[in-house]
Amino acid sequence: MEASGIVQAERFYRRPVIPLTVAFMVGIALGAEAPGYSFWALALFLACGFGTARCLARRQPAAVHPLLLFMAVGYLSLQAWVDPRFPANHVSCFVDSGPWRIVGVVDARPLEFESRTQFVLRAERLQSGAEVQTVTGLLRVTATGETVVVHQGDRVALHGRIRSIRNFNNPGGFDFKRSMAYREIWASATVKGAELDLLEKQVESGMLGAIDRMRSTIAGLIDQAGLGPEAEVLKALVMGDQSGIAPGIRLAFTRTGTSHILAISGLHITIVASIAFALFRWFLGWIPIMLRQAWTHKGAALLTLAPITLYALIAGFSPSTQRSLIMVAVFLTAFLAERETDLLNTLALAALAILCVQPAALFSVSFQLSFAAVLSIVWVFERMQLRRSAAPSDFDGRIVQIRRSLLTFFGVSLAATWGTLPLGVHYFNNVSFVGLLANCIAIPLMGYFAVAAGLLGTLLAALSTPTAVVCYQIGGLVVSQSMVIMEWMAQWPYAAGRTVSLSILEIILFYLVSWAAFHLFTGRSRTISSSNTLVNASPACDPRAVPPAPRWPGCKRFQAIQRAVRSRNAVWAVLILSLTAAGLDAGCWVYQRFWRQDLRVTMIDVGQGSAVLIEFPGGGTALVDGGGFADSAAFDVGGRVVAPLLWHRKIATIDTLILTHPNSDHVNGLVFVADNFQVRALWTNGESRPIAGYEALMQTAARRGIAVPDFAEIPRESMAWGARVEVMYPPVDFLQRRQIERWRRNENNNSLVIRVSLGDVSVLIPGDIMRPAEEDLVATAGNRIKSTVLIAPHHGSRSSSSEVFLGATAPAAVLVSSSGRSGGGMPHPQVLERFERQGVRVYRTDRNGAIHLATDGRQLSITSFMGSN
């Protein structure tokens, strides 16, 4: 029994870093999902540490104790971010207070956008009149409009309120609050540019300040090169600055699946490392002592650490760049080992090193994509076991070698693309069908030639500015030609497509099916040939030479064959079970989308705005408004809030978009939906408004061929998949009456009022109508506006939800879409008191998150994303 345990432990730890790294990752994941159990994790750490030490002292196998030990360490390593303990003077203790005069030092390189500047401020003190508070902690600052230019290390002062970090709490949404917590930021402030004052420059520059100044110098030299739009792409490749890339260029790279080239990651560090390694190896090959000591490869690996570190510093030394540097550095230092390196074990060691320094990196998209790509490449080529023949000397041999190199490069691209496919779908909901071909073009041109030219110019800048500018011009020329190719490929009709989101279970099933299928595909011929070789190679294992029993079952080679067969059977079992689970998962989603017979209404949390998703029995969908901020360039609610919820629900088609009225907090989010989903029709009240969001929506509808009927052509009452849809307001001739009823015919009072019902349950969606329109609606519709659920008009403002209107609708529940920011009056306390007097249950998106209604026509259930009311 003991021997069996030793054998199992040896098998388990054949690659010891892999299980330990996986255990560490599991601990981090548990720490994120179930924080606050540090005491029990510490107890587990001590117990497993003692158990591991005892096993080592007794020289006994220890397979379980080390795994639990690393899992406990992983759990504890994340608690400082997910379950923090703040001092009394931490800036997060002053949220929702102020206004203050906030003084602090810019802690990281500011990000500049078209209409705003964002930076992290290390707060030092708060001032309000004679009151002065010395504080600590980081603050995320957004300065809008024209502002003074600030750099890392500058001491600044700003006037504003300190706000808590807020999420848009929707299923499938991005957890922005936790993302900021992983950066040790728990509070924010938004100020106008005129309210930001520069007090002192470079008071705490240090190494990062010097890096920032060096980056500014490089950016200035690239601007001197006289390049066009390619200058911004070259800045992204050389120094990691993507802020100046035009949206059209970014879209072209996204559609061709090459947008990862614009963000400095493990790919760029690896490319720089490969170029530097080849040059250093060639140089050291001319030194006799290095040849005699067989130190050309080891010396080249050590010397390569310098240029990749320099490149990481030029790139801004962001957390993602640091992770990439650590990963490549671990691989390079592996060359110092005297024996052959196990790439999978080395990859796990790199991941473990990164997670020890930055535990929250596990949840970083760049970390996941980088390691998924490298792991796929390493595992695929290990399975394929590419045979390398001796270097050919004739011309035909060189042709074969070139062909093999091209196939290897193609295989690397294919493996990386396939390995990152489910993660790309999960995070970006985009699949490029030309990505494999585009990467085979873009990576050599931009990843090698453009980056090499840019880095050469950076190195020569201190010696000769004209020479550096020439290098940047050469790099810009390569980038320009690459952009032409990418933009041409992006215009292909089926270059890319939007997809629904994959769940965590579906991602796991994708990898299991891919692993099992490829394992069986690459293992069959090898198993057969190996078994034949083993049987024929040993007379002791030949059944014709010895009796079948007992020598045959005891043959070690035969036992190896039996283990291979059992392993193959296990892989078949994994494949069958995974495919079965995938089929059940697909069937579940098909039922949820198309076969159910209930009506579902979801009020999406879009902050200060409105967006309501209607899912009809049988799978039909409608989206009433899309939320939106005044400046979609600063934050696109449609792309970053509404669309992720739709994709999470496996919704790729919207039958009808309904715009209640052309205000930015209702229309701006619809533009992205109209452009990225299959939309059949767009309903509006026909009232136009010269704002960017409305004009963009109508232009998108015309370009995409979306039907936009006149308001008079929209049916006032219709049946949609078994549910009744009624357009109750405004009157058909409201545009003609607008001239004589100016006191009531403003944009809010002209909102479309939609009532959707199934059986005895109904929901009224009144847009932003105010008291005059409410009275008009009650007078014209009478009892027909009575509804089970009312969405509060105008976000619960004091100008709406009158007593008369509430009495006519007589709702059992009211849903309020609001950001909950103090001072906005939405919802207004008087309106909330009015709801309370009516005995109405109130749900608010600022407190409950997304609110979901489901009814079969008789019973109604209301649930919220936050699970509280």
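1. Over the ring of which residue does the charged end of K650 sit? The ring is that of W589, and the charged end of K650 is 5.1 Å from its centre. A charge sits over a ring if NZ of Lys or CZ of Arg is within 6 Å of the ring centre and within 35 degrees of the ring normal.

2. This is a predicted model, in which local features need pLDDT of at least 70 and side-chain atom pairs pLDDT 80 or more, while totals for chains, interfaces and linings use all residues. Residues are numbered from 1 along each chain as its sequence is written, and side-chain values use heavy atoms, without hydrogens and water.

3. There are 18 aromatic pairs (Phe, Tyr and the six-membered ring of Trp, centres within 6.5 Å; planes under 30 degrees apart are stacked, over 60 edge-to-face, the rest tilted). F39 and W40 are edge-to-face, because their centres are 5.3 Å apart and their planes stand at 80 degrees. Both residues are exposed (over 50% relative accessible area; buried is under 20%, partly exposed in between; 1.4 Å probe, protein chains only).

4. F168 and F635 are stacked, because their ring centres lie 5.5 Å apart with planes at 20 degrees. F168 is in the loop between β6 (155-164) and α5 (176-182), and F635 in the loop between β13 (621-624) and α21 (637-648), so the pair ties together parts 467 residues apart in sequence. F635 has 18% relative accessibility and therefore counts as buried.

5. F168 and F635 form one aromatic cluster with F629. R166 lies over the face of F168, 5.9 Å from the ring centre.

Definitions and conventions
Helices (H or I, at least four residues) and strands (E, at least two) are DSSP runs, numbered from the N terminus.
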